[in-house]
Amino acid sequence: QSRNNRQQTSKEKQLEQFTVSNDGKPMTTNQGVPVSEDEHSLKAGVRGPTLMEDFHFREKMTHFDHERIPERIVHARGFGAHGYFQVYESMKAYTKAQFLQDPEQTTPVFVRFSTVAGSRGSADTVRDVRGFAVKFYTEAGNYDLVGNNMPVFFIQDAMKFPDLVHAVKPEPHNEIPQAQSAHDTFWDFVSNNTESAHMVMWKMSDRSLPRSFRMMEGFGVHTFRFVNDEGRAHFVKFHWKPVLGMHAHVWDEVQKLAGKDPDYHRRDLWDAIESGNYPEYELGVQLIPEEDEFTFDFDILDPTKLWPEEIVPVRIIGKLTLNRNTDNFFAETEQIAFHPGHVVPGIDFTNDPLLQGRLFSYTDTQLSRLGGPNFHEIPINRPVAPVHNNQRDGMHRMTINPGQVSYHKNGLAGNSPSPVPEEEGGYAHYTEKVDGRKIRERSDSFKDHYSQASMFWNSMSEVEKEHIVSAFQFELGKVKSKDIRQRVVDMFANVDKELASRISEGIGTVSPGGQGAASALSSPALSMMNTVKSPRS
Ligand code: HEM
């Protein structure tokens, strides 16, 4: 249905109040003063200097000078669209989340897909993880499912995230390479942080080269908690399954596309939506009752592990449809602020130490990216649920809050105990029992770094295995330090000996347990490179 002949969602109605069209309207300054001339500055004489009093020139230039905001520290390049979500059947038995109760109800959403490492202007088809972030504008407040297109992550503890990103991003002395993992710092980090093995396998696989955002899975990665209205909890992992199925490019295609059409993925999504070919994704959940927490041979809180679907089946519970492109990229896609800590009653956190750290990081970064504490008032970030509290003031405050009283527990606001009473049935954190010493170390159950990486390798077809080996050879082949290359090969021998010796063929390393390196430039993957640096050490 086109935008004109379907019912507006609650979010669209809200956004409309902020939408200002210039079409055919007389030009004014930002102060509403009519403008008579927009091409020539005010000068002293036809060949004279520009005059300071030209307020129109000053305003136009000043606004332009401040048009850019910092790009996201990660996931800088992204593309978004509007849509809606509908649950297939009530999930009442598991969660009281308001938007998961009624199959008749539609919930407006905004989705932003992204690459992770490159800057805002980098190419779409690079080998990288993809972000898959969904904001549900529910009647009980905003819920954000801020996921990726891979089900696991590189590290287990948020403390390492700044290190990971410093290693993944272009190197600090020369800002090279843009949006690739083919460099020394990335592989140095990997070889010193063996918990990354599983995620690196996914990253070297075809999952890193999606054919389209429409043909990509999404994962919440962390273990969250569903809580029902009786207070009973289940551990939950979230999955998005594209209705079109999953499709990948091959390496040669993505390299060409990066040159010929760096906007390939955003163009594909935009065109599909414009032509009414709406992308759809089904929401799946894996559920584990609280009492089964310790019945698996991996720790269900470890974000480098997935829950094998043969053991914990994915239950499909609803569908997301993207049916409207943005009106303005900056106002919507760039200014949207996702946060895994935006939860609603019925959804709660777990003690996954990666998740716990994320809960701090997002608002913190957005305070500087979006200029102060009121970015929740930016139209795309506003909940459709009403917002009332005693927070006041701050940079760029839009709301005018009348009245004398702006504090809780007061005797001045008439009969009401507070101008903003707390709500019964409001968000209550799950009362999990926690009892332990303050320590930094992690449980032994997080120390198996290889089993699931091996499982991943063993589940691949021969063609997929070839792609993985070629990817390792290409990315690692660009690493200058032979020492790092060797460490990585040795590390992946723990995943699979054959994998390691196949990687080692052609990148000048010693096959683990094997005899010396094959000739340095013999592999087909390396012959695709335009430059092969000679090893530095
Ligand atoms: C974006 C931090 C792990 C998915 C971001 C941003 C930060 C951040 C600071 C930029 C936010 C903004 O400017 O609005 C972290 C930290 C992590 C972590 C500290 C680990 C400790 C993850 C994981 C996932 C993920 C495990 C996937 C499950 C995303 C996505 C975005 C993002 C999709 C882009 C959101 C958007 O489209 O605006 N992250 N992240 N991150 N992160 Fe994470």
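This is a predicted model: local features need pLDDT of at least 70, side-chain atom pairs count only at pLDDT 80 or more; totals for chains, interfaces and linings use all residues.
Which residues have the most contacts inside the largest nonpolar core?

**Close-up 1. The largest nonpolar core and the surroundings of Ile503.** The largest nonpolar core comprises 101 residues. Within this core, the most contacts are made by Val109, Val111, Met201, Val488, Phe492 and Ile503. When residues up to four places away in sequence are set aside, Ile503 touches Val469, Phe472, Gln473, Leu476, Val489 and Phe492.

**Close-up 2. Packing of helix α3 against helix α4.** Helix α3 spans residues 161-168 and helix α4 spans residues 184-192. The two helices pack at an angle of about 140°, and their axes lie 7 Å apart. On the α3 side, the contact is formed by Asp163, Leu164, Ala167 and Val168; on the α4 side, it is formed by Thr185, Phe186, Asp188 and Phe189. Classified by type, the residues of this contact are five nonpolar, one polar and two charged.

**Close-up 3. The shell around the ligand.** The ligand is surrounded by 27 residues, of which the closest are His75, Arg112, Gly131, Ala158 and Val221. At least two residues of the shell come from each of β2 (107-115), β3 (130-138), β4 (141-148) and α9 (353-369). The greatest contribution is that of α9, which supplies eight residues. The shell consists of 13 nonpolar, ten polar and four charged residues.

**Close-up 4. Strand β3 and its pairing with β2 and β4.** Strand β3 pairs with β2 in the antiparallel sense over seven bridges, and Ala133 of β3 is the bridge partner of Arg112. Pairing between β3 and β4 is likewise antiparallel, here over eight bridges. Gly131 has Asn148 of β4 as its bridge partner. A hairpin of two residues joins β3 to β4. Arg112 and Gly131, which take part in these bridges, are also listed among the residues closest to the ligand. Strand β3 is mostly covered, with nine of its nine residues buried. One side carries Arg130, Phe132, Val134, Phe136 and Thr138, and the other carries Gly131, Ala133, Lys135 and Tyr137; both faces are covered.

**Close-up 5. Glu332 in helix α8.** Glu332 belongs to helix α8, which covers residues 329-334. Glu332 is classed as buried because 21 other C-beta atoms lie within 10 Å, and the cut-off for this class is 20 or more. Apart from its neighbours within four places in sequence, Glu332 is in contact with Gly80, Phe110, Thr326 and Ile380. Glu332 and Val384 are 52 residues apart along the chain, and their C-alpha atoms are separated by 15 Å.

**Close-up 6. Gln366 in helix α9.** Gln366 is located in helix α9, the element that gives the most residues to the shell around the ligand. Gln366 counts as buried because 21 other C-beta atoms are found within 10 Å. Its contacts, not counting residues up to four places away in sequence, include Ala337 and Phe375. From Gln366 to Lys135 the C-alpha to C-alpha distance is 16 Å, and the two residues are 231 residues apart in sequence. Lys135 is itself one of the buried residues of β3.

Terms used. Residues are numbered from 1 along each chain as its sequence is written. A nonpolar core is a set of buried Ala, Val, Leu, Ile, Met, Phe, Trp, Tyr and Cys residues joined through C-beta atoms within 7 Å. A residue is buried if 20 or more other C-beta atoms lie within 10 Å of its own, exposed if 12 or fewer, and partly exposed in between; C-beta atoms are placed from the backbone. Two residues are in contact if their C-beta atoms, placed from the backbone, lie within 7 Å. Axes are lines fitted to C-alpha atoms, for helices over the stretch in contact, and angles run from 0 to 180 degrees between N-to-C directions. Helices (H or I, at least four residues) and strands (E, at least two) are DSSP runs, numbered from the N terminus. Ala, Val, Leu, Ile, Met, Phe, Trp, Tyr, Cys and Pro count as nonpolar, Asp, Glu, Lys and Arg as charged, and the others, Gly among them, as polar. A residue is near a molecule or strand if its C-beta atom, placed from the backbone, lies within 6 Å of it. Two strands pair if DSSP finds at least two bridges between them.
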